[in-house]
Amino acid sequence: MKLVKKKASEAIEKEKQLAALAAVSYIQNGQVIGLGSGSTANYAIREIGKLVQNGFQLKAIPTSKKTQLLAESFHIPIIDSNSIDHIDITIDGADEFNDDMVLIKGGGGALFREKIVASMTRKQIIIADSSKLVRHLGLEFKLPIEVIPFASNYVMNRLHILGGTSIIRQKGGKAFVTDLGNWILDVDLGHIRDPLSLSRSLDEIVGVVCHGLFIDLADIIIMGKGETTEAFLRPKS
Ligand SMILES: O=C(CO)[C@H](O)[C@H](O)COP(=O)(O)O
C-alpha cells in the first residue's frame with residue numbers, strides 16, 4: 001500500500017516538473033517574469049535560475065515572500081512591482097481548474113499577490129499536475145478567500161447567506177496570516193456552477209480582500225500527464 005502511494009506521489013511530482021519545464025521554454029532573454037507560489041511553481045523557479053546562470057538577463061516579481069527567498073537563492077534578480085508597467089510572462093500553479101480555464105488558487109495563501117501579478121501579466125502560464133483538472137470546481141477544494149481580520153465574522157455571515165460554510169485557516173493553533181497581514185477563509189460553497197456570478201457577489205462583500213477564483217486570467221494551462229504534457233489555450237477574444 002505504502003509503495004503504491006509513493007509511486008503515485010512520484011508520478012505527480014514528475015507531472016509538475018514536466019509542466020514547469022514546458023512553461024519555462026516560453027521565456028525569452030530580457031523579459032520581466034512573474035514568479036508564482038507553491039510546489040509546482042518552485043520547479044519553474046529552479047529552471048529559471050538555470051537560465052540566469054546561463055546568462056539570461058531576467059527581472060522577476062515574486063508572488064510571495066517564500067518565492068522571493070527561493071528566487072534569491074538562485075540569484076534571480078528581483079525588482080519592485082511598482083517599477084514596471086507590465087510583466088511579460090508569469091508562471092504559477094493552481095489548486096483546481098476546469099475546461100473553461102477557470103482556476104481556484106490560494107492553497108498556499110498567496111492569492112492576492114498572485115492575482116495582482118496575473119493582472120499585470122501579458123502571458124499567464126498556469127502549470128499543474130493532472131489531478132488539478134476537475135469537472136466540478138469547488139467540490140474537492142474549498143475556495144480560499146483573503147479577508148481583513150477585523151471583518152472576518154461579518155464576511156463569514158455574508159458567505160453563509162450565499163450558501164457557504166467557512167473556516168478560518170489555521171497554522172500552529174492560530175489564524176494563518178498572509179504576507180499582507182490578512183486572514184484566509186476556506187469556504188465550502190459546494191459545486192461552483194457559475195464562477196462569474198459568484199466572483200461578482202464575493203467582490204461586493206466589504207472586508208473581502210481577494211477571492212481565489214481566477215477567471216479569464218490564464219492564457220495557457222500546461223498540465224503534466226504521465227510522461228508528457230497537455231496545453232489548454234485561452235480562445236482569442
Ligand atoms: O495558489 C497557490 C498558492 O497560493 C498555488 O499556486 C496553489 O496552491 C498550487 O500549489 P501546488 O503547486 O503546491 O499544488
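Before the first stop, a word on how helices get their names here: helices are DSSP runs of at least four residues, numbered from the N terminus. Keep in mind, too, that this is a predicted model.

**Stop 1: the two domains.** Colour residues 2–133 together with 215–225 as domain 1, and 143–211 as domain 2. The centres of domain 1 and domain 2, taken over C-alpha atoms, are 24 Å apart. Where they touch, 13 residues of domain 1 are in contact with 13 residues of domain 2. On the domain 1 side, H4 gives the largest share, with 4 residues. That side of domain 1 has 6 nonpolar, 4 polar and 3 charged residues.

**Stop 2: the ligand.** How many residues surround the ligand? There are 18, and the closest are Gly 38, Thr 40, Gly 93, Gly 107 and Gly 108. Helix H4, residues 111–119, supplies at least two residues of this shell, and so does H2. H2 has the largest share, 3 residues. Sort the shell by class and you get 10 polar, 4 charged and 4 nonpolar residues.

**Stop 3: H1 against H2.** Select H1, residues 2–24, and keep H2 on screen. Their axes lie 8 Å apart, and the helices pack at an angle of about 45°. H1 and H2 are therefore oblique to each other, and their crossing is right-handed. To see the contact, pick Lys 16, Gln 17, Ala 19, Ala 20, Leu 21, Ala 23 and Val 24 in H1. They meet Ser 39, Thr 40, Tyr 43, Ala 44, Glu 47 and Ile 48 in H2. The contact of H1 with H2 divides into 8 nonpolar, 3 polar and 2 charged residues.

**Stop 4: H2 against H3.** For the contact, select Ala 41, Asn 42 and Ile 45 in H2, which meet Thr 67, Leu 70 and Ala 71 in H3. By class, the contact of H2 with H3 has 4 nonpolar residues, 2 polar and no charged.

Note on methods: Residues numbered from 1 in each chain as written. Predicted model: local features only at pLDDT ≥ 70, side-chain atom pairs only at ≥ 80, totals over all residues. Contact = placed C-beta atoms within 7 Å. Nonpolar A, V, L, I, M, F, W, Y, C, P; charged D, E, K, R; others polar. Near = placed C-beta within 6 Å. Axes fitted to C-alpha atoms, helices over the stretch in contact; angles between N-to-C directions. Parallel < 35°, antiparallel > 145°, perpendicular 65-115°, else oblique. Left-handed = near helix turned anticlockwise from the far one by under 90°. Domains from an automatic or database assignment.
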